[in-house]
Amino acid sequence: MRRALTACLAFVMLMLCCFGSAAAETTEEPFRYIHDPAENPSAMEDIIVNPDAVYGFSPNPESKRLGEYAAYDWTDPELVAQAKATREDYHASLYTMYDILYKMRAEGASIEEMARAVSAERNRLRLAAYENDPEALAATKKSNLETYGNEEGPTADSLFEKYGSWELVIQKAFSPNAGMDAVCGLYDEYYTLYVELGMVTE
């Protein structure tokens, strides 16, 4: 009887050890960026550190630009994967702005004309990125209305008034929202662009 009990206890201990080992092996380290978004003041205007989020950050509910997205569950890998795909599509779509810029420059357009064209295209692309997500589209339009007084996005004239030159209006049209990139897992991918735009220094 004692031998059987001893053997049973040994088996239980073996199973517990194996289970503990397997659990340790499947425990994943939390995601970490190579370049920390928390060191980018521009990004941190719109996001907060969230250790439970898939990529360690989530939109700040107090942000004018991304506050509406704070209601989404950024700890849900499937939802974040969808958001990342949408964000990647948006970045890819910006190449149409380069096409517009190069074509207008070749045609001898003025710097103001080019700035107005790319600003309008930027606004169009922002909304088009959410054409299959009515909830996100409504949130974006609401954010635009509250931030710029225009649900389509900032007008070229308002940008010129803010930055003081049409050259800067063009530069800002190509400027990404680093906070949204961070919550979607794309911060490292576009880090060089943030450096070029003066958001951060290497």
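**Close-up views of aromatic pairs and nonpolar cores**

**View 1. Phe174 and its partner Tyr98 in the predicted model.** Phe174 is buried, its relative accessible area being 12%. Tyr98, at 33% relative accessibility, counts as partly exposed. In total, 13 aromatic pairs are counted in this structure. In the pair formed by Tyr98 and Phe174, the ring centres lie 4.6 Å apart and the planes meet at 40°, so the pair is classed as tilted. The two residues are 76 residues apart and link distant parts of the chain: Tyr98 belongs to helix α4 (residues 95–106), whereas Phe174 lies in the loop between α8 (166–173) and α9 (178–183).

**View 2. The pair Tyr191 and Tyr194 in helix α10.** The ring centres of Tyr191 and Tyr194 are 6.5 Å apart with planes at 90°, so this pair is edge-to-face. Because they are three residues apart in helix α10 (residues 191–196), about one helical turn separates them. Both Tyr191 and Tyr194 are buried. They also belong to one aromatic cluster, together with Phe31, Tyr33, Tyr55 and Tyr187.

**View 3. The largest nonpolar core.** This core contains 27 residues, and Tyr69, Trp74, Tyr187 and Tyr194 have the most contacts inside it. Helices α3 (77–93), α9 and α10 each contribute at least two residues to the core. Its largest share, four residues, is supplied by α9. Apart from this core lies another, of 16 residues, which includes Met104, Ala156, Leu159 and Phe174.

**View 4. The surroundings of Tyr187.** Leaving aside residues up to four places away in sequence, Tyr187 touches Tyr33, His35, Asp36, Pro37, Asn40, Ala178, Asp181, Ala182, Tyr194 and Val200.

Conventions
Residues are numbered from 1 along each chain as its sequence is written. This is a predicted model: local features need pLDDT of at least 70, side-chain atom pairs count only at pLDDT 80 or more; totals for chains, interfaces and linings use all residues. Side-chain values use heavy atoms; hydrogens and water are left out. Rings of Phe, Tyr and Trp (its six-membered ring) pair if their centres lie within 6.5 Å; planes under 30 degrees apart count as stacked, over 60 as edge-to-face and the rest as tilted. Buried means under 20% relative accessible area, exposed over 50%, partly exposed in between (1.4 Å probe, protein chains only). A nonpolar core is a set of buried Ala, Val, Leu, Ile, Met, Phe, Trp, Tyr and Cys residues joined through side-chain atoms within 4.5 Å. Contact means heavy atoms within 4.5 Å.
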